[in-house]
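This report describes the fold and the side-chain pairs of one protein chain. The sequence and the model are shown first, and the text then goes through them part by part.

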Amino acid sequence: MRLRFVPALLLALLLGACSDPGTSSSSVPTGTMTRGATAAGSNTQPAPIVVDVRTPAEFEQGHLAGAVNLDVNANDFAQSLEGLDKAARYVVYCRSGNRSAQAARAMAAAGFQDVDDAGSITEASAATGLTVVTD
């Protein structure tokens, strides 16, 4: 079941790498982790990769449009980070904000340079302007 999210993750990475630098923005400086930072600001950075760190079952019940699912409590979470671009921008969220903070810390410890802990799905939706969808 977890394998079905791999193509979505790869697509998100490709889109993030190929996007026009002027199409999205962030007020979060590179290398910081903040909670609830807005997506408005300078137009010099590519769109972030949005990561839902809840379980696959929670993800299926509703997630932010375009988000990829990497369960922070899965045994292979650290291993799943190895294939990601550490220089890309990431926004992580969960149900209440606890797991997103845990994931953001783990990502920073693994060498990721730009991780935004957006907190809960509601806070992340408000900060990014993305809607909650079900697939």
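## Salt bridges

Asp52 and Arg54 form a salt bridge in which the closest N and O atoms are 2.6 Å apart. Both residues of this pair, Asp52 and Arg54, are buried. The model is a predicted one, and 3 salt bridges are found in the structure.

Another salt bridge joins Glu58 to Arg99, with 2.8 Å between the closest N and O atoms. This pair links distant parts of the chain: Glu58 belongs to helix H2 (residues 56-61) and Arg99 to helix H4, 41 residues apart. Glu58 has a relative accessible area of 18%, and buried means under 20%, so Glu58 counts as buried. Arg99 is also classed as buried, at 16% relative accessibility.

The side chains of Asp114 and Arg89 meet in a salt bridge as well, at 3.7 Å from N to O. Asp114 is in strand S7 and Arg89 is in strand S6, so this pair ties together parts that lie 25 residues apart in sequence. Asp114 is buried, with a relative accessible area of 4%. Arg89 counts as buried at 9% relative accessibility.

| Residue | Partner | N to O distance |
|---|---|---|
| Asp52 | Arg54 | 2.6 Å |
| Glu58 | Arg99 | 2.8 Å |
| Asp114 | Arg89 | 3.7 Å |

## The chain as a whole

The protein chain has 5 helices and 8 strands. Along the sequence they follow the pattern α-β-β-β-α-β-β-α-β-α-β-α-β. The chain has 135 residues, and 44% of them count as buried. Among contacts between residues at least 6 apart in sequence, 67% join residues that are at least 24 apart.

## The sheet

In what order do the 4 strands of the open sheet lie? The order is S5-S3-S6-S7, and the pairing is parallel. Strand S5 (68-69) and strand S7 (114-120) are the edge strands, each pairing on one side only.

Strand S3 (residues 49-52) pairs with strand S6 (residues 89-94) in the parallel sense, over 4 bridges. Within S6, Val92 is the residue that stands opposite Val51.

Two helices that pack on this sheet are described next. Helix H4 (residues 98-109) touches S6 and S7, and its direction makes about 150° with that of S6. Helix H5 (residues 121-128) also packs on the sheet and touches S6 and S7; the direction of H5 makes about 125° with that of S7.

## Strands S6 and S7

S6 and S7 run parallel and are joined by 5 bridges. Arg89 stands opposite Asp114 in S7, and these residues are also the partners in a salt bridge. From S6 the chain passes through H4 to reach S7, and this β-α-β crossover is right-handed.

## Helix H5

Which residues of H5 are buried? They are Ile121, Ala124, Ser125 and Ala127. These buried residues pack against strand S4 (63-64), S6, S7 and strand S8 (132-133). The residue that follows H5 is Gly129, whose phi is positive, near 80°.

## The aromatic pair

The count of aromatic pairs comes to 1. The partners are Tyr90 and Phe112, in an edge-to-face arrangement with 5.4 Å from centre to centre and 80° between the planes. Tyr90 lies in strand S6 and Phe112 in the loop between H4 and S7, so the pair ties together parts that are 22 residues apart in sequence. Tyr90 is buried, with a relative accessible area of 1%. Phe112 counts as buried too, at 6% relative accessibility.

Definitions and conventions
Residues are numbered from 1 along each chain as its sequence is written. This is a predicted model: local features need pLDDT of at least 70, side-chain atom pairs count only at pLDDT 80 or more; totals for chains, interfaces and linings use all residues. Side-chain values use heavy atoms; hydrogens and water are left out. Two strands pair if DSSP finds at least two bridges between them. Contact means heavy atoms within 4.5 Å. Axes are lines fitted to C-alpha atoms, for helices over the stretch in contact, and angles run from 0 to 180 degrees between N-to-C directions. A crossover is right-handed if, with the strands pointing away from the viewer, the path from the first strand over the helix to the second runs clockwise. Buried means under 20% relative accessible area, exposed over 50%, partly exposed in between (1.4 Å probe, protein chains only). A salt bridge is a side-chain nitrogen of Lys or Arg within 4 Å of a carboxyl oxygen of Asp or Glu. Rings of Phe, Tyr and Trp (its six-membered ring) pair if their centres lie within 6.5 Å; planes under 30 degrees apart count as stacked, over 60 as edge-to-face and the rest as tilted.
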